[in-house]
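I opened a new page for this chain.

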Amino acid sequence: MKYLHKGTQSQERLDTLLSFGKSTSEDIKAALSDYLVRGISKTNAATLNGVPASNLTRALKRLEVVAGKIEKIKELDYRLR
């Protein structure tokens with residue numbers, strides 16, 4: 001399941017998601033922000049931040065894994081109520 005979509009995240013949520021994963025370069029973080037927070041296309045976000053599109057795609061896939069784990073925890077917490 002896909003949890004992260006173009007333009008749907010707040011900067012605070014993105015920063016929190018990034019804090020759970022591997023260290024990420026500032027350029028990739030900026031491209032992720034442009035895509036996930038500002039809603040710029042992946043191609044343009046990569047170009048604007050001087051990163052290869054493949055690196056941005058790889059970072060998005062890693063972030064999806066983190067987001068999926070967090071959603072799973074939220075589901076488990078909901079069931080406990």
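**Charges**

I counted 15 positive and 9 negative side chains in the chain. The centres of the two sets lie 6 Å apart. I note here that the model is predicted.

**Overall build**

Next I looked up the elements. The chain has four helices and zero strands. From the N terminus on, I read them as α-α-α-α.

Then I checked the extent. The C-alpha trace spans about 45 × 20 × 20 Å along its principal axes.

Of the 81 residues, 33% count as buried.

I also looked up contacts. Among those with a separation of 6 or more, 61% join residues 24 or more positions apart.

**Helix 1**

Which residues of helix 1 are buried? Helix 1 covers residues 11-19, and I found Leu14, Leu17 and Leu18 as its buried residues. Seen down the helix axis, these buried residues fall within an arc of 100°, so they line one face of helix 1. An α-helix has 3.6 residues a turn, so residues three or four places apart point the same way.

What covers the buried residues of helix 1? I found that the cover includes helix 2 (26-36) and helix 4 (53-80).

Last, I looked at the face of helix 1 turned away from its buried side. That face carries the exposed residues Glu12 and Ser19.

How values were computed. Residues numbered from 1 in each chain as written. Predicted model: local features only at pLDDT ≥ 70, side-chain atom pairs only at ≥ 80, totals over all residues. Heavy atoms only, no water. Buried < 20%, exposed > 50% of the residue type's maximum accessible area, 1.4 Å probe, protein only. Helix = DSSP H or I, 4+ residues; strand = E, 2+ residues; numbered from the N terminus. Arc of directions from axis to C-beta. Contact = heavy atoms within 4.5 Å. Lys, Arg positive; Asp, Glu negative; His and termini not counted. Charge placed at Lys NZ, Arg CZ, Asp CG, Glu CD.
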